[in-house]
Amino acid sequence: MSDLVDRLLASMTLEEKLGQLNMIDAGTPPYDEAEMERQIAAGRIGSLLNIRDPERLNRWQAMALGSRLKIPLIFGLDVLHGHYTIYPLPIAEACAFDPELWERTAKISVEETGRDGITMTFAPMLDVCRDPRWGRIAECPGEDAYVASRFAEAKIRGYQGTDLSRRESIAATAKHLGAYGAVEAGRDYGSVNVSERQLAETYLPPFEAAVKAGVSSIMPAFNDVAGIPMTAHGDLLNDLVRETWGFEGVMVSDYTAVAELIAHGIADDLTHAASIALMAGVDIDMQDQAYVQGLPKALERGLVTMADIDRAVRRVLTLKAKLGLFDEPYRRVSAPPLSETQVKEFTALARDSARRSVVLLKNDNNTLPITSKNKKIALIGPLADAPLEMFGCWFAAAPLESVTILHGLKTALPNADIRHVKGVEIEGGDTNGIAEAVALAKASDTIVLSLGETKDMTGEAHSRGRIELPGHQRALAEAIFALGKPVIVVLSHGRPVAAPWLFERAEAVVSSWFLGSEAGHGIADVMTGKWNPSAKLCVTWPYDGGQIPIFHSQRSTGRPANPEVYFSTRHVDLPIEPQFPFGHGLSYTRYALSNLKVPSEFTEGDTVTVAVDVSNEGSVAGEETLFLFLRDPVASIARPVLELKGFAKATLKSGERKTVCFTLKPADFEFLDKNLQPRFESGAFEVSVGQSADRTKLLTAKVQGNAR
Ligand code: BGC
């Protein structure tokens, strides 16, 4: 492999080298296709993104192979949660707390993307996010670095498999490094001002996990961190990621991010911008042609050397070789079409992943599940029959139809009389339809309100300053609540929605996020009890936008929050607690934890086993996720009140009890000292296990850790 790369490098002109670093969007009009084809044929483009048309893709691959050095193209695409079959949004799927599922949906997405000739995906998205105003929270695995790290490993296994050259594998990209989830006020593309500690403890670990899992590519984020745009952040990209972590893959810029160094205010022209990005370690320049246009002049000005360019080209060629593109450039596209069995399998997985991602937030008086007693069902609201909305953001290749909530419920309950009235639009419109909705609700024995956001209210460039229900939906809901009948609410959304009035008055609330192709069946499975809900929130759900950022691993402070103490860490006009804690999620049964077993002491470097009994005390079988938290109550650096160190599932029949074991590794007991170096300090640690991060309900035991 390296012989081939050496040979190619030795014979390349500067233009051909820069071509390999040049990635162009071939799917977003307007663009000059004829000009693009000329450049491909001349070896001036090394990769394309956003194409979903195998015919054109093959044509362009043939042109690249007809170029002087016959170097194949990479085709990149964002495959965040499926391709033709769409799985739940990443934030939803993260709520399943199921690494096997995370891996499987990625693996099966590749079956579809591969056939479209895609060889690289810009996923997984690993930004930890604690600010639901940020639209891209929908794309990420939630607020916790531990969860995001496990998500990273599973997705990378799914996309890349064990051998990148196989037809079943594509190159994964861990994005967006780093701290993009912490943009100020949740405004997309904004500035980030986090401490080095927060970077190291919270935002970088998922990327380190991705590197350890063998990720092929990393995308630096659009944002700056304390004044240094990530596209220019050599200290992080080169020194930390490449040197310290040992990353050997490709760094691909975000879309036009190299040229944006000018707008950031750190480069005065494209030449300067291109040289800064290249020297920082960015190999591929996405879409802005900054390298092609800027690097020749940068060479002349002595801002970069040919060796710097060669280094980047070598990485790109090595990736192409690892993908097997030199040997079989068309192999993925020439795979046999999907069989009926495969399509069935993908659909079944879409349904299973959907129901495993539904979080039951509230269920007073066992209002759910709906049973045969529920005969006349009013399904009211603007998201009940909204096939396109169910996909959420990033569903590039999906067909226009998903299973709606209306269709799902009608299929699941063929004998019920289910009527639907929209009432209001998701956003905008008027309140004229509310009267019809109220009339239907009055005449029904069961009322389901389907409320939420549009799919476009989250995702890139879709940050919201207010995270409440948009449009006239509150007016609709209030009119229905005024009837005094029990109301079930199904929320479709890409971020936690602040609506305390709704959580107060609804009898049951289901958070269904955006669940993809099989959304309606997944929701119906949960609502009818065919699936006992098992998902848990991967983000703390704020009571009000004013609480942001609110997350489970906050520090205690010198005046810990206390409603009884005036001079304590709180708002005077908001509750201290969130609406729902991280990990919250009900089921149709009750689980009880007991018998937490932790050794009384251990020595630095030891592995510590934690065991707890969990029993199913209700009448139906279920699957429960337990969380393992650690707290170091006295350390030379104040530690968070809870740090997640593990999660595990138990599947339990009614009345069954199991012992669940967790392993705490030596590194779990360390923290970063004042020089950000890992350090172990002797003392007592609190080990807690619980069903969520609600600290009032955790089982806690102390273990004494002694330095070696
Ligand atoms: C997004 C990336 C994405 C890229 C290519 C950018 O606007 O920030 O996440 O991978 O576009 O589609």
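Trainee: Is C140 buried or exposed?

Mentor: C140 is buried, at a relative accessible area of 0%. Buried means under 20% relative accessible area, exposed over 50%, partly exposed in between (1.4 Å probe, protein chains only). Keep in mind that this is a predicted model: local features need pLDDT of at least 70, side-chain atom pairs count only at pLDDT 80 or more, and totals for chains, interfaces and linings use all residues. Residues are numbered from 1 along each chain as its sequence is written, and side-chain values use heavy atoms, leaving out hydrogens and water.

Trainee: Which cysteine sulfur is closest to that of C140?

Mentor: The one in C129, at 5.1 Å, too far for a bond.

Trainee: And what about C538?

Mentor: Its closest cysteine sulfur is in C95, 3.7 Å away, also too far for a bond. C538 is buried too, at 1% relative accessibility.

Trainee: What about Y189?

Mentor: Phi of Y189 is also positive, near 70 degrees. Y189 is partly exposed, at 39%. Most residues other than glycine have a negative phi, and most peptide bonds are trans.

Trainee: Which peptide bonds are cis?

Mentor: Among them, A123 to P124, with omega near 10 degrees, and L177 to G178, with omega about -10 degrees.

How values were computed
Disulfide = S-S within 2.5 Å.
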